[in-house]
Amino acid sequence: MAYNITVIPGDGIGKEITDGAVEVLKAADKKFGLGLNFAYHDAGGTAYDKFGTPLPQETIDACKASDGVLFGAVGGDKWDKVDPAKRPEKAILGLRKELGLYANLRPVKVADALIEYSPLKPELVRGADLVIVRELIGGIYFGEKCESEQHNGVERAWDLENYSVPEVERIAKLAFETAKLRRGKVTSVDKSNVLATSRLWRRTVEKVAKDYPEVECNNLYVDNCAMQIAVKPTQFDVIVTGNLFGDILSDEAAVVGGSIGMLPSASIGECTSLYEPIHGSAPDIAGKGIANPIGTILSAAMLLRYSLHEEAAADAIEAAVDKALAEGYRTPDLWKDGFTKVNTSEMTKIISER
Ligand code: NAI
Ligand code: MG
């Protein structure tokens, strides 16, 4: 079996962190005989400089033809004055649309060794291990909008929220499938006491739930969910929700895990899926070789699990990351007295060896 992976380093620390993740994938390939092939393509400011567009067609075509996309990050001050339609960030928005990336999966897991970095009390976050499944290409972000109109003599603006049954079914199925690979619990989050779209959401999720009798399913209102994430994050396994609620809750949940450099994400598509760390291009540390590669390495593990169904290799990478942290290795973003300070390539090598 051979797999083709498209690697898009992008801008800023993008090259450093994707180099790290590819090195770890190669180590996993050697151990598990996966047959991985890597092809590099441009996107973001780097692509704009070369081709005058942040998302060249050949990059889109390469993504569509591959088994999975590993993405670094795009953006930077250098391109601040570029025409808004050609800004580097348009590359990731364009890929979401072109690849039909309808779901964003953001796992939040607190490594025992990193509990002290969470702003929440250690006894609250210990054992927290959840995934937010956010609908990514529907809802109010993509609905009809009006920037300004006169209504009864005053100026107003509006955004339309709409969800169709197939859109909700698709994301709900993914959430239940994800829960089957985990601890078998789905929490669906809505505001069905107020919103019509939320009532359709809840009805549809409950219908899909009937096909998954082995998975436990409950509902929470979004305001309560926001509170519960901070009060008792260990109660959650999979949280499924719409675009707007998911955007907010996934940033809130990320804080439970402590450090931005650590967290991976997967954007699941109709054909190809895309995997990237949750952080950006970190222009302030770019080129120094000190970025934390772990968010990208764990994104690579998600690629193995969700796109290639290579569970054992994915588990091995996650275990290697935990081991490196437990042995006290830290990149500068997480370093403090008593730990061993390592740079990006040293951390990569330590994880690869493990
Ligand atoms: P950022 O996530 O790039 O950086 C925020 C802070 O976290 C910085 O101090 C940075 O040094 C630090 N940081 C981030 N990742 C790190 C890592 N792996 N290791 C160590 N420290 C790390 O967010 P910021 O500064 O708001 O945005 C910078 C650029 O990235 C902007 O152009 C923004 O639009 C873009 N961006 C791109 C994203 C993407 O490509 N998906 C997502 C978010 C932002
Ligand atoms: Mg956000």
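In which helix is aspartate 223 found?

Author: The model is a predicted one, and what follows should be read accordingly. Aspartate 223 is found in helix 8, which comprises residues 222-231. The residue counts as exposed because it has 12 C-beta neighbours inside 10 Å, and a residue with 12 or fewer such neighbours is classed as exposed. In the UniProt record, an unreviewed entry, the annotation "binding site" covers Asp223, together with Asp247 and Asp251. Of these, aspartate 247 has its place in helix 9, residues 243-257. Aspartate 247 counts as partly exposed, because it has 17 C-beta neighbours inside 10 Å.

Two packed helices are described by the angle between their axes and the distance between the axes. For helix 8 and helix 9, the axes come within 10 Å and cross at roughly 10 degrees. Helix 8 is therefore roughly parallel to helix 9, since angles under 35 degrees are counted in that class. On the side of helix 8, the contact is made by Val222, Cys225, Ala226 and Ile229, and these meet Phe245, Leu249, Glu252, Ala253 and Val256 in helix 9. By class, this contact has 8 nonpolar residues, no polar residues and 1 charged residue.

The axes of helix 6 (residues 165-180) and helix 7 (residues 196-209) come within 9 Å, with a crossing of roughly 50 degrees. The two helices are therefore oblique to each other, and helix 6 passes helix 7 in a right-handed crossing. From helix 6, the residues Val165, Val168, Glu169, Ala172, Lys173 and Phe176 take part, meeting Leu200, Trp201, Thr204, Val205 and Val208 of helix 7. The contact of helix 6 with helix 7 divides into 8 nonpolar, 1 polar and 2 charged residues.

The crossing of helix 1 and helix 12 is right-handed. Here Glu16, Gly20, Glu23, Val24 and Ala27 of helix 1 meet Thr344, Thr348, Ile351 and Ser352 of helix 12. The residues of this contact comprise 3 nonpolar, 4 polar and 2 charged.

Asparagine 152 is not a glycine, yet has a positive phi of about 50 degrees. Asparagine 152 lies in the loop between strand 6 (145-151) and strand 7 (154-159), and is exposed because 5 other C-beta atoms lie within 10 Å. Histidine 309, likewise not a glycine, has a positive phi of about 55 degrees. The place of histidine 309 is the loop between helix 10 (294-307) and helix 11 (311-326). With 8 other C-beta atoms within 10 Å, histidine 309 is therefore exposed.

Key. Residues are numbered from 1 along each chain as its sequence is written. Chains are lettered from A and ligands numbered from 1 in the order in which they are written. This is a predicted model: local features need pLDDT of at least 70, side-chain atom pairs count only at pLDDT 80 or more; totals for chains, interfaces and linings use all residues. A crossing is left-handed if the near helix is turned anticlockwise from the far one by less than a right angle, and right-handed if clockwise. Helices (H or I, at least four residues) and strands (E, at least two) are DSSP runs, numbered from the N terminus. Two residues are in contact if their C-beta atoms, placed from the backbone, lie within 7 Å. Ala, Val, Leu, Ile, Met, Phe, Trp, Tyr, Cys and Pro count as nonpolar, Asp, Glu, Lys and Arg as charged, and the others, Gly among them, as polar. UniProt positions are given in the numbering used here, feature names are shortened, and annotations may be inferred rather than shown by experiment. A residue is buried if 20 or more other C-beta atoms lie within 10 Å of its own, exposed if 12 or fewer, and partly exposed in between; C-beta atoms are placed from the backbone. Axes are lines fitted to C-alpha atoms, for helices over the stretch in contact, and angles run from 0 to 180 degrees between N-to-C directions. Angles under 35 degrees count as roughly parallel, over 145 as roughly antiparallel, 65 to 115 as roughly perpendicular and the rest as oblique.
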